[in-house]
Amino acid sequence: MDHIKADYHVHSSISPDGNVPMDEMCKAAWEKGIKEVVFTDHYEFYLPGMKSEYFHEEYIKSYFKELEKCRHLYDGKLLLKGGMEFGQSYLERDTVKRFIKNYPFDYIIGSVHKLNNVDLEKMEYREDNIHDIADRYYEELLKLARWGEFDCMGHLDLFKRHARRHGFSDEYERHEETIREILKYIIERGKGIELNTSGIRQEAREAMPSSAILKMYGELGGEIITVGSDAHKAQDVGADFETAYEMLNQAGFNRIACYERHKVVRQ
Ligand SMILES: [Zn+2]
Ligand SMILES: [Zn+2]
């Protein structure tokens, strides 16, 4: 496979669920021989009426301040791109468009973490609601794909992490057609997907999305894929990338995308 080692999904202590400062994450990446990193700290969007204590414009400003600091510290050692992981971005479309226009982002991950403002992580998973949660997750993901204001869709089958954690199936077959529709929108709009390795070290026990979804994406004509660890800790930067490259090879992909100002620049 023809690529440089680039981690396109890393969180720093800017993220509310991150504890490791950006410069420490850079140090870990550099020590592991990674050449390019995108810090994709979280920015979550909500249904009207919910006011977040974290996510506001100052948050983005402090992100870029920190990023600039690290760019100086790692000048010539690491290529640092500007990015963010937008959760439920279709809920605040004007704000998202304004952020993308006004800040020098290279790469935006579009993710769904919440249903009705409640994080998938915090939901209760039971026999009697598991289908409903899966349906709602894929419905929201379809809304995001239709809207298309992102560069790559994050951890496409994230539902499986939570389902498997509670002993339930990932419901791939039940949602195969919706997933196909999601991928078609992504391809039509010239967007991509990420292969997120965090699933390998967490309850899902496999990368997100699965090999079946990667193959479907390729069959539909999808070509743009980034690889990201979704690291929140230094030891997880670049974790399981060899497994990811192998999965991509087997699914017929031989290139990994890197971005600059929302444009794919192949390595
Ligand atoms: Zn995420
Ligand atoms: Zn993430």
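Analyst: What follows starts at the metal ions, moves to the backbone, and ends with the open spaces.

This is a predicted model, where local features need pLDDT of at least 70, side-chain atom pairs count only at pLDDT 80 or more, and totals for chains, interfaces and linings use all residues. Residues are numbered from 1 along each chain as its sequence is written, chains are lettered from A and ligands numbered from 1 in the order written, and side-chain values use heavy atoms, with hydrogens and water left out.

Start with the zinc ion (ligand 1). Glu85 (OE), His113 (NE2) and His155 (NE2) coordinate it at 2.1 Å. Donors here are N, O and S atoms within 2.8 Å of the metal (3.2 Å for Na, K and Ca). Water is not among the atoms, so sites may look incomplete. Along the chain, the donors of the zinc ion (ligand 1) follow E-x27-H-x41-H. Distant parts of the chain are linked here: Glu85 sits in strand β3, and His155 in the loop between β7 (152–153) and α5 (159–165), 70 residues apart. Helices (H or I, at least four residues) and strands (E, at least two) are DSSP runs, numbered from the N terminus. Glu85 and His155 are buried. Buried means under 20% relative accessible area, exposed over 50%, and partly exposed in between (1.4 Å probe, protein chains only).

Now the zinc ion (ligand 2). Its protein donors are His9 (NE2), His11 (NE2), Glu85 (OE) and Asp230 (OD), at 2.1 to 2.3 Å. Glu85 bridges this ion and the zinc ion (ligand 1), and the two lie 3.4 Å apart. The donor spacing of the zinc ion (ligand 2) is H-x1-H-x73-E-x144-D. This site also links distant parts of the chain: His11 is in the loop between β1 (6–10) and α1 (22–31), Asp230 in the loop between β9 (225–228) and α9 (241–250), 219 residues apart. His11 and Asp230 are buried.

The geometry at the zinc ion (ligand 2) is irregular, with angles of 82 to 171° among its four donor atoms. Four donors count as tetrahedral if all angles lie between 85 and 135 degrees; four count as square planar and six as octahedral if opposite donors are over 155 degrees apart and all others between 65 and 115; anything else is irregular. For reference, ideal angles are 109.5 degrees for four tetrahedral donors, and 90 or 180 degrees for six octahedral ones.

The backbone comes next. Asp230 has a positive phi, near 55°, in a residue other than glycine. Its relative accessible area is 8%, which means it counts as buried. Gln88 also has a positive phi, about 55°, and is not a glycine. Gln88 lies in the loop between β3 and α3. At 1% relative accessibility, Gln88 is buried.

Ser89 is in that loop too, between β3 (79–87) and α3 (93–102). Ser89 has a relative accessible area of 0%, so it is buried. Its contacts are Phe45, Val96, Leu144, Trp147 and Glu149, leaving out residues up to four places away in sequence. A contact means heavy atoms within 4.5 Å. Elsewhere, a cis peptide bond joins Met208 and Pro209, with omega about 0°. Pro209 is in the loop between α7 and α8 (211–219).

Last, the open spaces. On a 1 Å grid over the protein atoms alone, a pocket is an open set of points with protein on both sides within 12 Å along at least five of seven lines; a cavity is a set where a 1.4 Å probe fits but cannot get out; lining residues have an atom within 4 Å of a point. A volume is the space filled by probe spheres set on the points, which are joined across faces, edges and corners.

The largest pocket holds about 800 Å³. It is lined by 34 residues, and Asp17, His42, Asp119, Glu121 and His232 are the closest to its centre. Helix α5 gives the most to this lining, with three residues. The lining has eight nonpolar, 11 polar and 15 charged residues. Ala, Val, Leu, Ile, Met, Phe, Trp, Tyr, Cys and Pro count as nonpolar, Asp, Glu, Lys and Arg as charged, and the others, Gly among them, as polar.

The second largest pocket holds about 170 Å³. Its lining includes Phe45, which is one of the contacts of Ser89. One cavity of 30 Å³ or more is counted. Tyr138, Asp157, Lys160, Asp170, Tyr172, Ser210 and Ile213 line the largest cavity.
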